[in-house]
Amino acid sequence: MAKQDELVFLPLGGLGEIGMNLALYGFGPADLRQWIMVDCGVTFPGPDLPGVDLVLPDIRYLAGEHKRLKGIFITHAHEDHYGALADLWPGLNVPVYASGFTAGLLEAKRNFEKAALKEIPITPFKAGDRINVGPFSVEAVAVNHSIPEPMSLVIRTPLGNIVHTGDWKIDYEPSLGPLTDEARFRALGDEGVLALMCDSTNALRDGVSPSEKDVSQSLRKLIENAEGRVAITTFSSNVGRIRTIAEAAEAAGREVLLLGSSLKRVVEVSREIGLMEGVKPFISEEDYGYIPRDKVVVILTGSQGEPRAALAKLSRDEMRNVALSSGDIVVFSSRAIPGNEKAIQDIKNGLVEQGVHVVTDAEALVHVSGHPRRNELQKMYELIRPAILVPVHGEATHLVAHKELAEQSGIKQVPRVRNGDILRLAPGSAEVIDEAPHGRIFKDGQLIGDFDEMGIGERRKLSFVGHVAVNVVLDARFDITGEPEIVPVGLPVYDHEGEDMEDTLYDAVVGAIDSIPRARRKDLDLLQESVKRAVRATANHVWGKKPVVTVFITKI
């Protein structure tokens with residue numbers, strides 16, 4: 001170990017936000033650090049990003065460092081932890097280590113999206129395995145979460161051991177394993193842990209998370225007592241929940257229909273690796289209409305209000321073969337991700353208008369989180385006994401609450417870290433020593449770029465104020481020939497006096513050109529700017545808003 005070697009932590013996503021988790025760990029002198037990446041996730045756009053499909057972490061910092069990036073480790077296959085891998089890996093081209101389930105979902109996604117995604121070679125990595133890359137030795141430890149095969153990582157370095165928890169909880173009766181390996185964590189604590197990077201999602205919630213077994217029993221009773229159809233929406237990756245619902249339906253003498261492409265992909269991968277053994281085949285959409293209402297359960301996507309998901313289509317009665325009726329039940333076996341509340345409420349309203357009864361976790365125990373509450377966090381502290389604790393995976397309120405809990409629990413070093421901070425873990429006390437370029441990039445259709453490159457600012461402006469295209473043709477004497485063409489898009493049809501908005505803007509165009517002496521009309525740029533200003537000013541006068549204006553002037 002060289003004298004100037006340092007061990008650093010650099011989050012490029014996931015700290016100060018829910019989603020888009022991506023962490024870098026570096027070892028070596030400042031100008032020659034070797035790196036590993038832990039997770040490579042996305043977040044989903046809100047209405048402030050019209051047209052954007054996915055939000056990805058900006059990894060431009062790695063442009064000058066990627067030759068020293070030794071590997072990518074994926075803790076589990078939730079989109080906020082692995083969803084950016086397919087788009088960002090081609091620029092990195094380094095080994096990827098992940099579970100068989102994660103590899104299966106990635107391949108299924110690639111097949112679904114055809115040639116849009118490159119094949120990523122993945123080295124299988126599971127609990128108990130240890131991989132040596134550069135100066136790092138990375139061991140996987142089993143934890144419980146709301147998806148198959150999640151893992152925490154132990155990252156051993158010459159300057160100390162790090163435990164990166166990923167997403168986890170302590171559940172002694174899950175519907176799908178594994179259990180969180182407390183014995184292994186205690187042994188790691190005995191070995192000595194320099195730093196614990198720990199999930200903060202539920203740091204505001206007291207006690208312990210309810211068990212998945214309790215949810216299973218609650219869902220079973222709900223299905224058994226229902227008089228009509230039961231539709232249950234949950235995260236498509238929650239294989240344990242899907243299995244629980246299917247088993248409860250079978251026990252109640254009901255058939256099960258799956259709706260949603262992502263749900264079907266997950267179930268297909270789960271069957272391939274043996275996670276759906278004993279669950280009988282699901283029915284097709286074509287069979288749905290022939291089954292009595294009290295003999296069917298639907299498991300479907302759309303728990304977050306996604307407008308194109310199956311549940312949203314049902315709420316709008318837009319599906320060809322599947323519909324709900326008055327007296328049926330829809331269960332939201334999920335939690336609302338912050339920012340999705342309005343979209344979810346819109347779907348609920350659509351269902352209620354159809355006479356459907358909506359059940360959420362406010363009315364019954366139909367969902368539990370896959371993240372640790374405060375007592376579980378303290379249990380992990382006791383097992384690991386870290387010198388440093390870094391709250392990760394959460395918005396500012398979660399991170400601050402976790403920091404306070406850790407300090408109250410006797411952990412001496414709990415540094416404040418946010419995306420882009422380069423935290424030196426060793427040697428010496430934990431300290432933020434620098435800031436790396438960071439931020440967000442956007443996937444829009446088949447293209448990826450930053451805010452300006454993708455035209456998101458202009459698109460957002462268009463969504464508020466619309467667009468007016470103007471085409472004017474001038475003759476040899478620089479007089480208007482024919483009639484100027486005005487094409488308003490997204491503007492009101494009539495102005496405040498009931499006049500046609502297009503006619504009002506037409507008058508503004510003609511007036512702007514007539515007001516300029518013929519001798520000066522040779523300056524077409526001047527004409528364009530004058531027309532543009534006149535249209536914006538007129539629209540603002542009669543409407544109160546200034547549209548985006550594009551002016552074409554042609555001389556013949």
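Trainee: In which sense do strand β3 and β5 pair, parallel or antiparallel, and over how many bridges?

Mentor: This is a predicted model, and the strands in question are β3, residues 34–38, and β5. The pairing of β3 and β5 runs in the parallel sense, and the number of bridges is three.

Trainee: Which residue in β6 stands opposite I72?

Mentor: In β6, the residue opposite I72 is V96.

Trainee: How many of the five residues of β5 are buried?

Mentor: Buried here means under 20% relative accessible area, and by that cut-off strand β5, residues 69–73, is mostly covered. For the chain of 556 residues, buried residues make up 54%. In β5 the buried residues number four.

Trainee: Which residues lie nearest the centre of the second largest pocket?

Mentor: The second largest pocket has a volume of about 380 Å³, and its lining divides into seven nonpolar, five polar and four charged residues. Of the 16 residues that line this pocket, those nearest its centre are N202, R205, R335, D361 and S369.

Trainee: Among contacts between residues at least 6 apart in sequence, what percentage join residues at least 24 apart?

Mentor: The chain comes to 15 helices and 25 strands, and its C-alpha atoms fill a box of roughly 90 × 75 × 45 Å along the principal axes. Among the contacts you describe, the share joining residues at least 24 apart is 71%.

How values were computed: Residues numbered from 1 in each chain as written. Predicted model: local features only at pLDDT ≥ 70, side-chain atom pairs only at ≥ 80, totals over all residues. Heavy atoms only, no water. 1 Å grid on protein atoms, 1.4 Å probe; cavity = no way out; pocket = protein on both sides within 12 Å on 5 of 7 lines; lining within 4 Å. Points joined across faces, edges and corners; volume = space filled by probe spheres on them. Nonpolar A, V, L, I, M, F, W, Y, C, P; charged D, E, K, R; others polar. Buried < 20%, exposed > 50% of the residue type's maximum accessible area, 1.4 Å probe, protein only. Helix = DSSP H or I, 4+ residues; strand = E, 2+ residues; numbered from the N terminus. Pairing = 2+ DSSP bridges. Contact = heavy atoms within 4.5 Å.
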